[in-house]
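Hi,

Here is the structure I said I would pass on.

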Amino acid sequence: MKYSEFVSQIFQSNFERLKPFHSLLKNHRAVIAYSGGKDSSLLAHFYQYLFLNSYCPEPILFHLNHLIRDNFLQEEEIHLEMKNFSSQTFLKKKIFPNFQNV
């Protein structure tokens, strides 16, 4: 993915602000909890920018479906979005008994 000059400048500026953590970013793979919302999408874009510029390893995106509601279509959309950010993605479905009684 190619980012506009404006977005690249913002991401680069933020990367520079993280200077004390550059070795951590470079030497450890991030696992991003991805919901498909604005916050996790922005974080995934930022890490993709870092990866494309060789500042960090490719991040792992993880999505947990709590199975609280029937959201098969939303889950498919989230999975497709995740594939745009990383080749390493994981979807997990987990039933939490306490949520079923609510």
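Which side chain does the side chain of Q48 join through a polar contact? It is that of Y3, and the polar contact between Q48 and Y3 is 2.5 Å. Bear in mind that this is a predicted model.

Q48 sits in helix α3, which covers residues 38–52. Its relative accessible area is 5%, and the cut-off for buried is under 20%, so Q48 counts as buried. If you skip the neighbours within four places in sequence, Q48 is in contact with M1, Y3, N84 and F85.

Next, the overall layout. The chain has five helices and three strands, and along the sequence they follow the pattern α-α-β-α-β-α-β-α. There are 102 residues in the chain, of which 30% count as buried. Taking contacts between residues at least 6 apart in sequence, 72% join residues at least 24 apart.

Then there is the packing of α3 against helix α1 (residues 5–17): the angle is about 80° and the axes are 10 Å apart. Angles of 65 to 115 degrees count as roughly perpendicular, so that is the label for α1 relative to α3. On the α1 side the contact is made by S8, F11, Q12, N14 and F15, and on the α3 side by L42, H45, F46, Y49 and L50. Sorted by type, the residues of this contact are six nonpolar, four polar and no charged.

Helix α3 also turns up in the largest nonpolar core. That core has 17 residues, and those touching the most other members are L25, Y34, F46, Y47, L50 and L61. Two or more residues come from each of α1, α3 and α4 (72–85), and α3 gives the most, with five residues. L50 is worth a click: leaving out residues up to four places away in sequence, L50 touches F15, L25, Y55 and C56.

Cheers

How values were computed. Residues are numbered from 1 along each chain as its sequence is written. This is a predicted model: local features need pLDDT of at least 70, side-chain atom pairs count only at pLDDT 80 or more; totals for chains, interfaces and linings use all residues. Side-chain values use heavy atoms; hydrogens and water are left out. Helices (H or I, at least four residues) and strands (E, at least two) are DSSP runs, numbered from the N terminus. Buried means under 20% relative accessible area, exposed over 50%, partly exposed in between (1.4 Å probe, protein chains only). A polar contact is a pair of N or O atoms within 3.5 Å; within protein, one must be able to donate a hydrogen and the other to accept it, and residues adjacent in sequence count only if both atoms are side-chain atoms. Contact means heavy atoms within 4.5 Å. Axes are lines fitted to C-alpha atoms, for helices over the stretch in contact, and angles run from 0 to 180 degrees between N-to-C directions. Angles under 35 degrees count as roughly parallel, over 145 as roughly antiparallel, 65 to 115 as roughly perpendicular and the rest as oblique. Ala, Val, Leu, Ile, Met, Phe, Trp, Tyr, Cys and Pro count as nonpolar, Asp, Glu, Lys and Arg as charged, and the others, Gly among them, as polar. A nonpolar core is a set of buried Ala, Val, Leu, Ile, Met, Phe, Trp, Tyr and Cys residues joined through side-chain atoms within 4.5 Å.
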